[in-house]
Amino acid sequence: MPCAARPKRARWPRQDVRVALGLLHARHVAGDPGLTSDLRAGVLADWRSGARTRLAELQALHEERAGRSGELAFLLEPDLKEARGGLRDAEAIYAVAAAWVAPGPGPRARAAQEAIMDARHALHEVTGRASDRLVLQEQDEVARVLRLADADALLCHLAGAGRTIAYSLDQSLRQAQRSRG
């Protein structure tokens, strides 16, 4: 499709922060790579131009989710994706960085994200389904897949990773607030 015939950018990423967050990480899978490139460029431009509003929405979303799901570091059956310090918070660090108001995640935060992703993949392998909640009866088997001693070692490992992600996101959001004045 020639560039002139492409439709105008959709408004929904501007209207829903969740949609915008998902599109910030869009990857080309098939078809015209130019469309993917245009989509990413448009979403990034919109995200940056509306950074003041978007980052406030992101922080509110983060606080609401943390209140609902708890903190990964302190849960006996953590939700690896939704809990404070989980995978959604790791992605939020990248979103703050995409607004050019704070740096991206450092090596410790990236390693913590990988540790949580590894646990999530092991959980999927153990349960045979896409699941994010690490329930008690699956923890020993997930620990075995990850070559950890037992469920206690697994939870300790995840608690450290969750605290690292939570701290990194807090730092990113504070830096974003300072840059907004």
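Helix α4 gives the most to the lining of the largest pocket, with six residues. I start there, and then go through the rest of the chain. Helices here are DSSP runs of H or I of at least four residues, strands are runs of E of at least two, and both are numbered from the N terminus.

First, the ground rules. This is a predicted model, in which local features need pLDDT of at least 70 and side-chain atom pairs count only at pLDDT 80 or more, while totals for chains, interfaces and linings use all residues. Residues are numbered from 1 along each chain as its sequence is written, and side-chain values use heavy atoms, with hydrogens and water left out.

Back to the pocket. A pocket is an open set of points on a 1 Å grid over the protein atoms alone, where a 1.4 Å probe fits, with protein on both sides within 12 Å along at least five of seven lines. Its lining residues have an atom within 4 Å of a point. The largest pocket holds about 510 Å³ of space; a volume is the space filled by probe spheres set on the points, which are joined across faces, edges and corners. Twenty residues line the largest pocket, and the closest to its centre are Leu-21, Lys-81, Leu-87, Arg-88 and Glu-91. Two or more lining residues come from each of α2 (17-24), α4 (51-69), α5 (87-98) and α6 (107-127).

What classes of residue are in the lining of the largest pocket? There are six nonpolar, four polar and ten charged residues. Nonpolar means Ala, Val, Leu, Ile, Met, Phe, Trp, Tyr, Cys and Pro; charged means Asp, Glu, Lys and Arg; the others, Gly among them, are polar.

Now the whole chain. It has eight helices and zero strands. The C-alpha trace spans about 60 × 40 × 30 Å along its principal axes. Of the 181 residues, 44% are buried; buried means under 20% relative accessible area, exposed over 50%, and partly exposed in between, with a 1.4 Å probe and protein chains only. With contact meaning heavy atoms within 4.5 Å, 60% of the contacts between residues at least 6 apart in sequence join residues at least 24 apart.

How confident is the predictor? The mean pLDDT, a confidence from 0 to 100 for each residue, is 90 for the chain, and 91% of residues reach 70 or more. Over residues 1-8 the pLDDT is below 50, and this stretch has six contacts beyond near neighbours in sequence.

Next, some single residues. Is Glu-138 buried or exposed? Glu-138 sits in helix α7 (residues 136-145) and counts as buried because its relative accessible area is 13%. Apart from neighbours within four places in sequence, Glu-138 is in contact with Leu-123, Thr-127, Arg-129 and Arg-133.

Arg-108, in helix α6, is exposed, with a relative accessible area of 65%. Arg-108 and Ile-165 are 57 residues apart in sequence, yet their C-alpha atoms are 8.6 Å apart in space.

Last, two backbone angles. Most residues other than glycine have a negative phi. Trp-100, in the loop between α5 and α6, has a positive phi of about 65°. Trp-100 counts as exposed because its relative accessibility is 65%. Arg-147 also has a positive phi, near 60°. Arg-147 lies in the loop between α7 and α8 (151-180), and at 77% relative accessibility Arg-147 is exposed.

Definitions and conventions:
pLDDT is the predictor's confidence in each residue, from 0 to 100.
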